[in-house]
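Reader: I would like to take a close look at a single part of this model. Please give one connected account of the part and its surroundings.

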Amino acid sequence: HPLRFDRGIIKVKQAVDSGIIGRVLSMRGRLGHAGPEKWSAAAKWYFDSKQGGGCLPDLGIHIFDAMRFVSRKDASSVYCLTKTNMKKALVDDNAAAVVEFTDGTSGSFDVSWTAVPQELSLSVYGDKGSIFFNAGTREVKVELVNAKTGKFRLIKPRIPAAGRSDNPLAHFIECVRENKRPLIDGREAFNSTALIIAALQSAETGRRQAVHGLRKKRKACSR
């Protein structure tokens, strides 16, 4: 779940937590690159469905986990479509999903192994405004609307420079050495994975699929 350590994603979460855009009503995420063979040619498992291969398991877990991270929402159901558009493989190279959360709101994400250049973006829509993050430009935009006048106001929060705390492996080592509770505990990892499993089932059946996550809330570390 490395996107939880991206300072742009953290800035989005901080803006959501501040309440500046009000209640989160929907979200949209996108993550794509040219495919794992471009940077890890020896890792053949990416193209083996029996070993968890495919674009949806590879990238979908990251963008959906980021959506959960910034919103503190869990999924109740998902409808997903997967396609193999370009890769000569028996797994998907593109996928799109529509998610319903347990509070009745919705979100969507799409992932791709055929995206050039690579892309990471996340949009969060509230009843008082919206937040947009583009990793390519390293920019977060907060657009607010005045309910009385209808006028928009644009805020561009500064994203801090990258540092050692951006490294999830460094965080893991720190937790082991200092006996700290990790940012991503078992429940967080389980619920993000449960969505991807349900999405794969939905893609296979062509039907909306229930997400069987862990409902009991546990307080996780914040950033």
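Which residues does V124 touch, not counting residues up to four places away in sequence?

Author: In this predicted model, V124 touches V12, V16, I21, V24, S26, M27, V70, G129, S130 and I131, leaving aside residues up to four places away in sequence.

The strand context comes next. Strand β5 spans residues 119-126 and pairs with strand β1, residues 24-32, in the antiparallel sense over eight bridges. Within this pairing, S26 stands opposite Y125 of β5, and S26 is also among the residues that V124 touches. Strand β1 has a further partner in strand β4, residues 106-112: seven bridges join the two, which run parallel. One of the positions in that pairing is R30, whose bridge partner in β4 is D110.

The largest nonpolar core has 53 residues, and V124 is listed with V12, F109, I131 and L195 as the residues that touch the most other members. Helix α2, residues 55-71, supplies the largest share of this core, with 10 residues.

Other strand pairings complete the account. Strand β2, residues 75-83, runs antiparallel to strand β3, residues 94-101, and eight bridges join them; here T82 stands opposite A95. Strand β2 also pairs with strand β9, residues 209-210, in the antiparallel sense over two bridges, where V78 stands opposite Q209.

Conventions
Residues numbered from 1 in each chain as written. Predicted model: local features only at pLDDT ≥ 70, side-chain atom pairs only at ≥ 80, totals over all residues. Heavy atoms only, no water. Core = buried A, V, L, I, M, F, W, Y, C linked by side-chain atoms within 4.5 Å. Buried < 20%, exposed > 50% of the residue type's maximum accessible area, 1.4 Å probe, protein only. Helix = DSSP H or I, 4+ residues; strand = E, 2+ residues; numbered from the N terminus. Contact = heavy atoms within 4.5 Å. Pairing = 2+ DSSP bridges.
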